[in-house]
Structures are given as C-alpha cells and as structure tokens.
Protein chains: 2
Amino acid sequence: MPELRKDPIIGRWVIIATERAKRPSDFKIIQEKPKGGFCPFCVGNEDKTPHEVLAYRGDGSCANRPGWSLRVVPNKFPALMIEGGIQREGDGIYDKMNGVGAHEVIIESPDHSKTLADLTDQQIESVIWAYRDRIIDLTKDSRFRYIIIFKNQGEAAGASLEHSHSQLIALPIVPRYVSEEIAGALEYYNFKERCIFCDIVRQERTDGIRVVYENDFFVSLAPFAPKFPFETWILPKNHQSSFENGQMLEYQNLAKALRITLMKMNIALDRPPYNFIIHTSPVREKNIPHYHWHIEIMPTLTKVAGFEWGSGFYINPTPPEEAAEFLRKIEV
Amino acid sequence: MPELRKDPIIGRWVIIATERAKRPSDFKIIQEKPKGGFCPFCVGNEDKTPHEVLAYRGDGSCANRPGWSLRVVPNKFPALMIEGGIQREGDGIYDKMNGVGAHEVIIESPDHSKTLADLTDQQIESVIWAYRDRIIDLTKDSRFRYIIIFKNQGEAAGASLEHSHSQLIALPIVPRYVSEEIAGALEYYNFKERCIFCDIVRQERTDGIRVVYENDFFVSLAPFAPKFPFETWILPKNHQSSFENGQMLEYQNLAKALRITLMKMNIALDRPPYNFIIHTSPVREKNIPHYHWHIEIMPTLTKVAGFEWGSGFYINPTPPEEAAEFLRKIEV
C-alpha cells in the first residue's frame with residue numbers, strides 16, 4: 001500500500017509510492033523511449049487497459065471494445081490504491097496515512113496522431129464533460145477531499161505515453177498549492193469582501209496588456225507574477241468556485257478558449273511540451289465566495305530543476321506582458 | 001531593471017528578469033550545448049568574467065590573474081542588479097519592487113575536470129569558507145533579507161557551464177520555501193519549546209533507518225517525506241540557526257559530510273545531475289531558537305515538471321528508508 005506522508009516542518013503531504021519502488025539501478029536506465037510501437041490507448045487495444053470507468057460511445061458499441069470517442073480508465077500503474085481505509089497514524093514526530101485514492105486516465109480521442117489542441121471544439125468539450133462527470137462521481141466517495149485534473153503533453157512535460165490523454169487523481173488531502181491559494185484568497189475576501197480572482201479578471205480586462213484571448217465566458221491571460229515563461233491561465237469571467245458546476249454554454253466556451261490558447265502556444269512556441277492543471281475548490285467546499293476555479297497552463301521551455309523546488313523561488317526571463325502580446329497577436 | 005513581482009493570491013515573489021527578456025524564438029533554439037570548447041572559469045581566462053569579489057590565492061598572485069585556488073565573481077548575466085533602491089510600488093491590486101540583489105558565482109577549483117565531489121576535504125572546506133565569507137560581507141548591505149547559496153551540477157540540473165561552480169543570490173525578500181519552513185518551525189517551537197529540526201535529528205539518529213552518514217558534527221539523512229527519490233539532507237547535530245556562524249571544526253566536518261554524501265550518490269546513481277541548496281536563517285534573524293540550518297541535496301532522477309510546480313504535490317517512487325539503506329551501505 002502506498003503511503004501519504006507529511007513533512008513535519010511545512011506540512012506538505014507527499015505520496016511514497018511503495019508499490020512501484022525504484023531502486024538505484026532503475027534510474028540508470030531511464031532514457032528516451034522509442035516512438036511508435038504498441039499503444040495501449042489506441043482503438044483495438046481496449047483489453048490492454050484496466051476496465052473503463054466511463055466512455056462516450058456510439059450506439060450499440062460494447063464497453064471495453066472499439067466504438068468509443070473518449071474513454072476513462074484506471075491508471076495501470078496507479079500512484080494510489082482505490083481500496084482501503086485512510087488510517088491516520090503517527091510515527092514519533094511524523095504523520096502518515098494510507099495512500100488511498102483514485103488515479104485515472106482520460107483518453108481524449110481514439111486518434112493517436114492528434115494532440116488535444118488538434119481536436120475540434122466539440123471533441124474538447126467532451127473531454128471537459130468527462131472531467132466533470134468523473135469529478136461528480138468521485139465526489140460521492142467520502143474519503144476524498146480533492147480531485148486534481150491535469151495533463152502532461154510531451155515527454156519533456158512528463159507524459160509517458162504519446163497518445164493524448166489527461167489524468168485525474170482523487171486524494172484524501174488538499175494539495176498544498178491549492179490550499180495556499182484558498183487561504184490567500186480567503187484572507188483577501190475577509191479584508192475586502194471580494195473574490196481576488198474576480199478582481200484580477202476585472203483589472204486585467206481593463207488593462208488589457210496581459211490578456212491573451214477572451215470570449216463571452218472565459219478570459220485567457222498571462223498572470224502578473226508567473227513562475228514560467230508563457231505561463232497562461234484561463235479563468236471564468238464570472239465568479240464560480242467549482243469547475244464541475246458549470247453550465248453547458250460555459251463548457252462550450254471553455255473548450256473554445258482552451259483550444260485557441262493551446263493553438264496560439266503551438267504556433268508561437270513550435271508545439272511546446274506543456275502541463276495544465278485545473279485548480280478548483282475542494283470536494284467539501286463547494287460554492288464558496290472567495291475561491292474561483294481556473295486552469296493553469298505551463299509550457300516546458302526552461303530547464304529549471306531542484307533549485308526552484310527547493311527554494312520556491314523562480315526566475316522568469318520573459319515578462320508576462322511580452323508573452324501575452326505575442327500570443328494575443330497570433331491569429332488562430 | 002529586473003522586477004520582483006508578488007503573486008497576489010499566495011504571496012510568492014518571482015523575479016521577472018527583464019534585462020534578458022526571452023522572445024518565443026529564443027526558446028526554439030535551446031538545445032544541448034557542445035561540450036568542451038571555451039570555458040570562462042578556467043585558469044588564464046580570468047578577464048572573461050566580471051572582476052572577482054573574493055579569491056583564495058597563492059602568495060604574490062594578482063587579482064583577476066592566474067594563481068587562485070577559488071574565485072568568486074559576479075554572474076555575467078545576473079538575474080538581479082546590484083545597484084539601486086528597492087522602491088516598493090503598487091499596480092492596482094498588484095505589488096512589485098525593483099529587482100535589486102547580488103548574483104555571484106563561486107568557481108570551486110581551477111580544475112575544469114573535477115566536480116565538487118572529486119575535490120579533497122580541504123578544497124571543499126575552502127568552498128564552504130567562501131560561502132561563509134560572501135554571506136558575512138553581503139549581510140552588511142541593509143537592502144538584503146536573504147542570501148541563497150545553491151549548486152546545479154550537470155546540465156539536466158540546470159548548470160549552463162560544465163566547470164564546477166556554485167551560485168549565490170542575495171535578495172530583498174525571503175524565498176517562499178524558507179519562510180514556510182521558518183513559520184512551521186516557529187509554530188512547533190511555540191507549542192513544544194523545542195526546535196523541530198533538533199527533534200528530527202534525535203528521532204532519526206535513534207531509529208537509524210533513514211541515516212546515510214554521520215560524523216562528530218553532522219548527520220546526513222533521507223527525510224521522512226521527501227519530494228524526490230534519494231533526496232538527502234545534511235544537518236548539524238547541534239542546534240544552530242545560521243550557516244555562517246559555524247566553528248572551524250564544524251566546517252571541517254561539514255566538508256567531509258558533504259564529500260562523502262555526494263560520493264555515495266555518485267556511486268549509487270552513476271554520477272547523477274543534482275541540486276543542493278543551503279537553507280539558513282534570514283539575514284536579520286540570526287541565532288533564533290526555532291530554526292536550524294541545513295543542506296538539501298536533490299539528485300535529478302525523475303522527469304517531473306509543471307504538474308508538481310502547479311500543485312505542490314509530489315509522487316516519490318522511492319521510499320526514503322530504501323534510499324538511505326542503499327546509500328548507507330556504500331563504502332567511500
């Protein structure tokens with residue numbers, strides 16, 4: 001059983017994934033994987049993944065067979081185990097609990113050759129619906145406090161399989177960076193009685209200098225103090241704390257905002273590897289006035305490493321105003 | 001002038017290094033640099049670096065000429081500018097200040113072919129003295145609140161030049177991860193009236209399972225909840241909040257602990273790229289009872305990326321007990 005362990009000094013939880021323990025010799029052989037070859041996410045290989053937990057399929061097609069446009073399956077090498085109790089435990093001054101959680105893969109399309117940005121607005125919308133449907137389902141499990149949705153595109157961004165997919169991790173804790181955002185936003189709310197993200201959206205839309213794209217419901221922008229060059233956030237223009245509580249019209253607009261933002265990055269930066277993460281409210285804190293869900297997109301452009309991880313200190317060589325201007329001007 | 005900007009939500013400061021602004025096209029050409037070739041850190045090329053701010057030299061040798069065993073020079077492409085006032089300023093809801101600070105390079109030895117771990121204990125001790133001497137000097141500048149000392153070894157860990165060197169950045173703010181550690185340690189101290197790091201050292205030395213190496217003054221160990229495989233910390237066994245206030249005997253023992261720990265990693269992991277960072281107390285908070293300086297060493301073994309940066313959530317495939325056992329058993 002993997003373990004969740006808490007750093008006693010700063011309180012950060014990490015997963016120690018004992019089930020796939022790596023010995024020193026395992027690290028020596030990490031190298032570029034050959035491209036091509038067998039793909040467990042392609043049509044016809046449905047039996048090479050764990051059984052699907054959700055699929056969008058044509059009429060008459062059977063589960064775990066071809067005929068799908070999108071599939072969600074448990075990760076074959078999960079970082080967490082879906083079965084078992086949490087069992088919080090001490091170990092001297094330390095705290096730990098069982099590594100209980102869900103780890104799922106969203107296979108975004110049957111087409112091996114297309115990245116998310118290459119899909120149609122409708123296909124991207126169905127990816128967004130899959131995110132939402134899985135969150136709604138997993139929220140029923142009282143062990144979970146947070147559901148992270150994220151995507152690694154490209155090997156340099158951590159993707160181990162080429163076929164375009166996103167991931168979901170349901171956790172018995174709230175990840176550190178989200179809880180910091182919520183704490184900061186609550187402090188601001190207590191002081192101003194306004195959502196800080198709403199204030200950011202308002203100031204950015206007035207200034208315009210960091211805006212990348214905008215439609216009726218969403219704005220895509222370079223944040224004022226980005227950690228990485230060309231980091232871009234997509235936020236709903238109106239206050240909403242939970243990603244999964246969107247209206248259909250909103251998801252349609254989100255699909256478009258996401259596709260256009262990714263396409264602009266692809267054109268500007270030559271199809272860069274990237275990560276995105278949905279920051280939404282915790283499972284047990286829905287419809288809160290101080291938090292505002294959003295997507296953070298980070299292209300993998302600079303070789304930053306343990307220094308940033310060890311200090312929390314970032315040097316960004318590209319002013320967000322310049323990045324936004326560049327992306328804004330690109331026609332998609 | 002580079003800018004320091006504060007994320008309005010979580011309060012993290014980042015450097016926007018406007019002086020070396022990168023346009024999208026600059027990222028396209030980032031690739032492996034050719035090895036060999038001209039090295040500005042080698043003997044005879046002293047005029048290719050900015051003038052030295054410190055050097056340990058043989059009798060009769062002149063500044064910025066050969067004859068040195070260690071040199072400290074300003075970074076030729078500094079992330080911060082040494083001249084100017086801080087000038088805190090608002091911009092609507094945002095906060096910024098001038099990117100004032102020092103950015104120096106410690107050239108650890110004249111020998112291009114040797115990494116830090118290949119040096120003798122005496123040579124490593126002189127690197128430690130250089131760290132200390134520069135901290136003592138820069139502490140006199142009232143604009144600075146924190147001095148970070150760190151090292152990137154190997155290109156995958158962010159080193160842009162092969163010749164072994166460390167870096168120093170003096171900042172008008174305390175980096176986020178250090179201030180979180182100090183806040184967490186203070187909370188523990190207020191509750192227990194004991195230093196949490198002293199308690200960790202005590203528990204780890206009793207348990208033994210995460211200890212890598214120990215001498216009279218230092219212990220090197222795998223932390224209970226490490227972010228990365230084979231992450232290793234070196235801590236003074238006795239309470240001490242500030243790195244630069246060590247005794248000579250302590251620095252001698254530190255040199256040995258650092259060399260042996262790095263050598264064990266080199267043998268176990270085939271000379272991995274790595275980062276290390278010295279976490280010490282802020283410039284204006286010396287001799288505090290709740291904080292305990294230490295070195296965090298992180299080999300670059302796994303391809304983690306924006307996901308971890310965007311969530312603060314880490315999955316570590318190697319239990320620290322296994323990593324420590326492996327390193328402990330290696331004879332150096």
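**Close-ups of a predicted two-chain model**

**View 1. Helix 2 of chain B and its buried side.** Buried residues in helix 2 of chain B include Gln123(B), Ile124(B), Val127(B), Tyr131(B), Arg134(B) and Leu138(B); buried here means 20 or more other C-beta atoms within 10 Å of a residue's own, with C-beta atoms placed from the backbone. Helices (H or I, at least four residues) and strands (E, at least two) are DSSP runs, numbered from the N terminus. This is a predicted model, in which local features need pLDDT of at least 70 and side-chain atom pairs count only at pLDDT 80 or more, while totals for chains, interfaces and linings use all residues. Residues are numbered from 1 along each chain as its sequence is written, and chains are lettered from A and ligands numbered from 1 in the order in which they are written.

View 2. The buried residues of helix 2 of chain B pack against, among others, strand 8 (146–153) and helix 5 (248–269) of chain B; contact means C-beta atoms, placed from the backbone, within 7 Å.

**View 3. Where the domains of chain A touch.** An automatic or database assignment sets the bounds: domain 1 (3–21 + 36–174) and domain 2 (177–329) of chain A. Between them, 27 residues of domain 1 of chain A are in contact with 23 of domain 2 of chain A. Helix 2 (121–138) and strand 8 (146–153) of chain A each give two or more residues to the domain 1 side.

Notes: Two residues are in contact if their C-beta atoms, placed from the backbone, lie within 7 Å. A residue is buried if 20 or more other C-beta atoms lie within 10 Å of its own, exposed if 12 or fewer, and partly exposed in between; C-beta atoms are placed from the backbone.
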